[in-house]
Amino acid sequence: MIHARNFNRSVPGARIVAVVDPFEDAARNACKELGITTYYLDYREALSSKDIDAVVVVTPTAYHRDIVVEAAGAGKHILCEKPMAMTEPECRDMIAAAEKANVKLQLAFMRRFDESFIYAKQRIESGEIGEVVSVKSLTHGPSTPRPWMYDISKSNGPLAEVSSHDIDALHWYADSYISEVYAIAGNYRCPDAREEFPDFYDNILMNCRFRNGSQGLVDGAQGVQYGYDSRVEILGTKGIIHVGKQNNYNVVSVSPEGIQTPFVKSWQNLFIDAYQNEDRHFIECIQRDQQPRVTGKDGLEAVKVVNAGNRSVREKCPIALEDA
């Protein structure tokens, strides 16, 4: 609905004409809020509509491949939420379908559209901190995983659901893709998952090596309760850059009860402008026939890292990634 609200009122040159949801009540409620009348219970019906030029895919990851391939075949431009897909072959199918149909395929790594994250990238490119030595990215989410996420075979785990953004941030800031990972993980906050899903984890640390020799670290957690925490540190040969906002307001309250600073509660608060910029960029790429800032290749490389990281957790050893 974040994307839907944006296209409904904040994205020049585009308007939302329909929603798709297999649950009719959800579809009707969305239409009511958006002030539109058309909804579909099957995405294939939407793809056959001549009134639709582009689609935003926000389903669970396991359904991304089929929807994107069929959308491309129908000539629709595609903005696909992360993670791109479950496996590398699925990602390659999606990329090939978009290329064959000559439609845009943009991956929704919205942090690349956040002003603070963009400013940090500009400072790196200016040479301010010298050559990048290491990139550390942290995302701690307050919410407990949904039960379907406990099955790693269906969700690819928190490394995909939470840390995909961190992986992409590492790639972006290091200006290189990851070549090797070593990850450790554990389930510390979801006791109800331990018996049926012993492989599930809600906390992960993953060390990375980049193809260009730089180093990286991903720190991911779910169910932390204290708030939504997203930060990046880029260490160079001459300096360091810190990215990320923890306080919901630039306010410190002091009273006899103590010192309080409201913490960011949700990614929806922290990145609301980034989502809007991301959606605008998607439409501009269609209008101007430009390559999206975040491509299918970026989505593929993140999925490769997710699968390698999960394998590293299982096998308790470093995992090298293929360059191709």
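The model is a predicted one, in which local features need pLDDT of at least 70, side-chain atom pairs count only at pLDDT 80 or more, and totals for chains, interfaces and linings use all residues. Residues are numbered from 1 along each chain as its sequence is written, and side-chain values use heavy atoms, with hydrogens and water left out.

The chain contains 12 helices and 14 strands; these are DSSP runs, helices being H or I with at least four residues and strands E with at least two, numbered from the N terminus. Along its principal axes, the C-alpha trace spans about 55 × 55 × 50 Å.

Buried residues, meaning those under 20% relative accessible area with a 1.4 Å probe and protein chains only, make up 51% of the 324 residues. Of the contacts (heavy atoms within 4.5 Å) with a separation of 6 or more, 68% are between residues 24 or more positions apart.

Which residues have the most contacts inside the largest nonpolar core? They are I78, L105, I167, Y173, V181, M206 and I234, in a core of 74 residues. Helix α12, residues 296–315, gives the most to this core, with 7 residues. A nonpolar core here is a set of buried Ala, Val, Leu, Ile, Met, Phe, Trp, Tyr and Cys residues joined through side-chain atoms within 4.5 Å.

Y173 touches, among others, F117, I124, V232 and I234, not counting residues up to four places away in sequence. A second, separate core has 14 residues, including L34, I36, A108 and F282.

Conventions:
Buried < 20%, exposed > 50% of the residue type's maximum accessible area, 1.4 Å probe, protein only.
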